[in-house]
Amino acid sequence: MGGVKRSIIKMATFTGSMAPVLVLWLAMSLSGTWAVDKGNFKTCDQSAFCKRQRALKPGDSPYRALLETMELTNTRLTLQLINDNNKVRLLLELYRLQGNMTRVKINELKPLKPRFEVPDVLITEPSTEPLSLLSQDENGVVLSLGTESQRVIISARPFRLDIMEGPEVLMSLNSRGLLAFEHLRMRKDTQAEPEGEKKEEADPANQAEKEEEEKVDGMWEETFKSHSDSKPNGPSAISLDFSLPGVEHVYGIPEHADTLRLKTTDNGDPYRLYNLDVFQYELYNPMALYGAVPVMLAHKAQRTTGIFWLNAAETWVDISSNTAGKTVFGKMLDYVQGSSETPQTDVRWISESGIIDVFIMLGPTPKDVFSQYASLTGTQSFPPLAAVGYHQCRWNYNDQEDVASVDAGFDEHDIPYDYIWLDIEHTDGKRYFTWDSHKFASPKEMLQALEDKKRKMVAIVDPHIKVDSNYKIHNEIRNKGFYIKNKDGGDYEGWCWPGSAGYPDFTRPDMRAWWASMFAYDQYEGTAENLYTWNDMNEPSVFNGPEVTMHKDAVHGAWEHRDVHNLYGLYVQMATAEGQIQRSGGVERPFVLTRAFFAGSQRYGAVWTGDNAAEWDHLKVSIPMCLSLGLVGISFCGADVGGFFKSPSTELLVRWYQTGAYQPFFRAHAHLDTPRREPWLFGPENTALIRDVVRQRYTLLPYWYQQFYHAYRTGEPIMRPLWVEYPQDPATFALDDEFLIGKDLLVHPVTEEGARGVTAYLPGKDQVWFDVHTFQKHNGAQSLYIPVTMSSIPVFQRGGSIIPRKMRVRRSSSCMTHDPYTLYVALNLQRTAEGELYIDDGHTFNYEKKEFIHRRLSFAKNMLSSVNLATDAEFSTGSWIERIVILGASKPSKVTLKTADGQESQLEFDFDASMSVLTLRKPGVNAGLDWNVMLQ
Amino acid sequence: FIILPPDMHFHMIIVAVFWFGFVDSRKIRGISSSYKRFFRERKSFLCIDGSKIIPFEQVNDDYCDCEDGSDEPGTSACPQGRFYCTNLGFRPHYIPSSRVNDGICDCCDASDEYNSHAHCQNACWNLGQRERAYVEGQMRTLDEGLQLKQQLIEEGVLLWREKQAQLRELQQVAEDLQTKLEERRSRKQEADRLKEQTPRPPEAGDGQNSTVTGTFKLLDSNKDGSITVDEVQAKVALVHDEERVLSEDEAVALLGGDHQMDLTTFQHTLWDILTNGGRVKVSALSNTFLFVFLSDLREKLAIDYGPDWEFLFLNSQCYKLKVYEYTYTLCPFNQVTQQSTAGTEVSLGRWGMWEGPPKNQYGRMVYENGEPCWQGGSRSTTVTLTCGTETALRSVKEPSKCQYIMDFQTPVACQPVLKQRGIHSEL
């Protein structure tokens with residue numbers, strides 16, 4: 001949905017007091033018809049703390065480690081740092097965490113008042129491992145990081161940290177001297193004196209501060225456009241630099257509409273992390289978007305590492321590289337590596353408030369990093385199977401009749417779908433948890449009609465609450481004092497869809513519990529089990545706020561909005577998902593889509609890339625955007641198929657379906673002002689193209705579902721860049737026009753208008769890949785030109801893999817529950833293959849109680865067998881093995897099936913010699929049992 | 001196809017089914033009687049497209065052997081397959097094989113869910129009854145509609161003739177006026193030449209509309225019961241300089257300082273000015289009004305009102321429907337508007353053209369160029385005409401922003417050909 005555009009339409013209907021706002025927004029919309037108005041969003045220069053911090057140039061750090069203050073216990077090391085310029089002391093904490101991670105925390109030793117530390121993002125307090133002191137002198141300390149030859153070197157003067165493995169430096173902190181910590185201070189014009197012992201050493205410090213404050217504006221107040229930020233706590237920014245020797249490729253820190261491989265930021269703004277409702281966002285720039293995950297991955301052929309900067313305030317990330325620019329690392333590296341030519345990437349994080357709390361994930365493989373990050377923030381929630389199907393959305397399906405006719409259209413055109421969506425217009429005047437009494441007069445009947453077709457619905461629930469004393473939700477939130485407060489202590493009010501709106505304080509556990517309880521069937525009237533939820537506008541979007549979001553001096557209990565901003569969206573989705581779980585008594589899995597997100601949001605549902613546009617470049621960028629999210633744990637990602645703003649050409653729409661069908665979250669969506677675009681509105685030929693690709697999605701649901709299970713178990717991305725599977729092949733490092741689903745399917749969507757062909761890189765030197773449509777075999781480690789027509793979607797199955805499909809595509813995924821499987825066995829050059837099959841009930845949490853089937857399928861020595869991977873799990877299925885298709889096979893003389901009870905029978909088969917495809921007819925065995933098939 | 005009364009047709013189906021039932025002892029699920037010949041029990045089965053021969057026991061064995069899906073008419077195994085619902089008591093029809101045993105009742109005889117958890121009831125008899133009642137109703141409507149249509153056609157013809165006569169008459173008047181004007185122009189030129197000083201006696205509408213109401217109506221071009229600045233400017237002229245259009249200020253002054261004037265006020269103010277030989281008079285050029293009316297009439301008569309002018313009666317009629325908070329008004333061949341409860345009226349399009357499919361050319365109207373939309377373009381309305389005994393607006397939808405769809409029912413949309421088609425497709 002489009003924050004701003006909508007607001008104009010809406011506000012045009014308001015009168016009187018809203019006139020200035022209306023004028024403001026109209027002006028905004030007129031100034032940039034089809035692009036973001038950059039003037040509405042801050043550059044680093046316009047964000048006082050960013051400007052201040054960025055003005056610091058690399059050089060000698062004023063910080064010195066006071067080694068005599070070092071304390072080493074079994075679980076942590078603490079040590080004080082002192083800033084020689086102002087004598088303010090910091091406390092460094094260093095932890096060795098289980099799973100090859102190091103945590104570095106830096107806070108003020110004695111802050112004037114507590115500084116914010118991000119709660120609720122880590123799933124538990126991370127387990128520590130012992131640190132041991134290897135050596136110490138007046139210049140520094142060397143600590144051992146466990147059994148490997150990993151060490152941490154703490155240098156005292158100036159302070160820096162180096163993490164090494166053997167002779168190799170993996171990462172250095174403050175090696176460029178950019179550690180900065182704006183300590184909390186009393187405002188000078190208040191005349192109040194700081195208390196306590198700090199006072200003694202405060203005199204020279206105060207002197208320095210005064211000079212500092214005279215030079216720099218924006219420490220105690222800041223204005224942007226017409227908005228002023230009162231900053232009652234003064235400056236509080238933090239910054240730290242990280243050097244990554246040998247690294248030329250860094251990834252992550254979503255959300256940006258940019259390439260997968262992050263660019264250097266020397267000649268422009270840093271990448272910004274600040275959840276914002278950006279109207280008609282532009283591509284290929286570092287501007288902030290709806291979500292923020294402060295996690296960066298650094299990759300080189302030998303090692304992948306990660307940096308998790310746990311801070312929820314506005315954050316900027318600078319990236320520079322000596323291979324791009326030529327800044328040379330310190331002497332130590334030269335000494336260690338004996339060369340000054342080593343490529344290196346330098347990264348610097350700047351946040352407005354809070355503390356430095358950074359997790360250094362040391363890999364060494366990409367999958368190790370995923371598992372390390374997952375151990376901190378959790379894995380992708382395991383969605384109901386139906387949510388992996390196709391979603392049909394539009395702003396708006398107008399009324400129940402409209403819903404019924406779109407639903408019928410899918411049947412008429414034999415296109416499957418699982419969810420139909422209702423945007424904001426379904427409510428009674430944008431009062432969430434209600435229905436428009438005319439247009440949706442009997443929602444339960446509507447839901448029942450969908451249920452009768454085994455289909456589901458999603459209705460939107462946004463976190464802005466209409467200020468209306470006749471609205472129950474508002475009254476309760478107000479009476480309970482659950483609204484976020486403005487700086488003067490009253491309930492914060494902003495403008496959003498309903499007009500004047502309050503914003504519940506989702507950072508409060510009691511507020512979240514209350515919100516969750518609102519999803520109970522007796523609270524949220526007109527709902528049923530097949531109604532799920534969409535949380536939009538949860539950055540939060542405030543139409544008349546600074547940068548279309550909340551004032552930073554708004555108050556969440558003890559904290560300012562400034563401290564918690566990037567967390568808000570996560571909490572909204574957390575509380576909503578909890579509500580869905582509770583309404584079923586903890587039985588059913590929730591499905592909640594969110595636009596805003598933070599580290600850990602993967603635990604609560606799906607994410608989409610917000611209000612994109614019907615343009616080819618937006619189709620292209622959907623790939624790196626979702627890949628970047630996957631790398632930082634958020635696998636359930638998709639972009640609005642067709643593009644939200646504007647109207648796609650038929651070719652673009654078809655290509656978008658073809659791309660979206662191979663991305664994790666597959667939903668078509670369209671702006672209110674665009675013409676209808678249900679799949680059958682573009683002539684029979686295009687209907688057939690769209691039908692075909694949606695059906696491809698449904699045949700692959702068993703594979704997708706298994707990938708979700710895998711992501712839930714391991715934290716590995718579902719949609720992944722090629723380098724994750726081929727970390728030593730530099731040709732893969734910057735690829736973002738193709739991707740893998742799991743490790744076995746390679747997809748290179750057609751994203752060029754009028755394309756006659758695409759060039760796909762097929763990785764793996766001794767690998768083969770099979771075109772899933774023609775079964776043609778191609779060698780790996782080559783760029784392959786593939787001629788395409790409108791029906792082409794270049795997809796390849798890796799030789800050596802087994803992919804289960806269900807070929808009986810029905811109206812919805814639930815209709816296919818009991819259907820049989822076809823196994824696609826693609827042989828590698830060693831004539832082996834492996835795969836998995838995961839089956840459960842598809843919608844409850846019973847998988848947590850070991851009610852599932854998980855089998856390993858393997859082909860070796862001419863025998864395909866199914867063995868149990870989870871012997872302690874139990875589930876029964878009616879599904880059976882319908883067909884086995886072996887790619888790259890030779891013709892057998894006889895095929896024998898052997899079942900668990902020892903029975904043997906001959907299978908009929910068909911061999912296509914031209915493509916070397918062997919099809920085994922109807923093994924008929926139950927998919928949950930042991931069996932094998934022998935080719936002779 | 002012979003048109004049979006519905007119930008007789010029904011008996012025939014029963015007979016047919018029983019007969020086939022006795023002939024074929026082995027039940028092949030999911031096929032129609034006409035396909036039974038492909039499924040006679042033999043050793044082997046030839047796929048209907050001739051592509052492959054398979055052992056007969058592989059027919060309906062829940063595995064797809066034939067490319068065309070013909071070996072699995074009764075299961076969900078073939079992606080291209082279809083399943084025949086016999087639907088005794090209702091209409092037989094095919095469903096895609098993917099709907100066999102999917103847990104959803106598709107055939108009213110429940111035959112598609114022979115192996116699923118769905119609890120399907122045989123609903124064919126009820127459906128059949130409802131359908132027969134519906135078709136009967138439709139047929140009654142059609143009969144009645146056709147009769148009404150005949151009347152409307154007759155009225156239409158009369159109306160057409162009347163309008164044609166009116167047109168001829170107006171053309172005559174126009175010609176006369178033209179001649180008069182020419183005469184007067186030459187007289188005036190002559191007079192100018194002679195520099196004649198005395199003002200001519202007042203002329204009120206060239207004597208044709210000498211009554212108060214007549215003049216008022218003449219001035220009130222849009223017939224809204226009040227005269228506006230535009231209307232004054234169009235038809236009131238200076239006695240001395242008939243060619244010059246009055247300025248807005250002058251017009252406002254004539255309207256007594258206001259922007260509009262109703263008949264009562266007119267009678268006591270402007271009428272006096274006009275008749276008392278002041279500075280102004282009803283312009284002789286007000287025959288432009290006549291020409292506007294004339295061209296309007298010509299334009300209206302140029303519209304295609306159907307082969308028998310059966311749609312002519314809709315002209316000058318308006319039909320309203322309230323949907324949620326809006327009242328929609330369709331004035332056929334003129335315009336479509338939407339009025340909110342707050343009172344603001346928005347044009348959803350002006351008459352564009354007929355846009356029915358080739359088979360039913362008069363089945364759809366398009367109204368275009370309504371109020372502009374936020375995102376560019378303008379509002380438009382597509383009106384679908386359906387057969388009914390009354391003429392009324394039945395539904396309005398806005399599937400996409402600014403694109404409206406109306407269902408408009410009227411006897412003149414009833415077509416005899418529909419009667420035959422109805423029976424073929426409905427029973």
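How many residue pairs are in polar contact across the interface of chain B and chain A? I get 20 residue pairs, both residues at pLDDT 80 or more; a polar contact is a pair of N or O atoms within 3.5 Å, one able to donate a hydrogen and the other to accept it, and residues adjacent in sequence count only if both atoms are side-chain atoms.

Ground rules: this is a predicted model, where local features need pLDDT of at least 70, side-chain atom pairs count only at pLDDT 80 or more, and totals for chains, interfaces and linings use all residues. Residues are numbered from 1 along each chain as its sequence is written, chains are lettered from A in the order written, and side-chain values use heavy atoms, without hydrogens and water.

Next I looked up salt bridges (a side-chain nitrogen of Lys or Arg within 4 Å of a carboxyl oxygen of Asp or Glu). The rule finds 8 across this interface. A:Arg811 forms one with B:Asp106, with the closest N and O atoms 2.7 Å apart.

Then the extent. I find 30 residues of chain B in contact (heavy atoms within 4.5 Å) with 37 residues of chain A. About 2700 Å² is buried between the chains, 44% of it on carbon and sulfur atoms; this is accessible area (1.4 Å probe) lost on being put together, summed over both parts. B:Tyr63, B:Tyr324 and B:Trp374 supply 26% of what chain B buries against chain A, more than any other three residues.

Last, the sheet. In chain A, 6 strands (DSSP runs of at least two residues) form an open antiparallel sheet in the order E36-E37-E38-E43-E40-E41; strands pair if DSSP finds at least two bridges between them. E36 (719-720) and E41 (777-779) of chain A each have a single partner strand, so one side of each lacks a neighbour in the sheet.

How values were computed: Buried area is the accessible area (1.4 Å probe) that two parts lose on being put together, summed over both. Helices (H or I, at least four residues) and strands (E, at least two) are DSSP runs, numbered from the N terminus.
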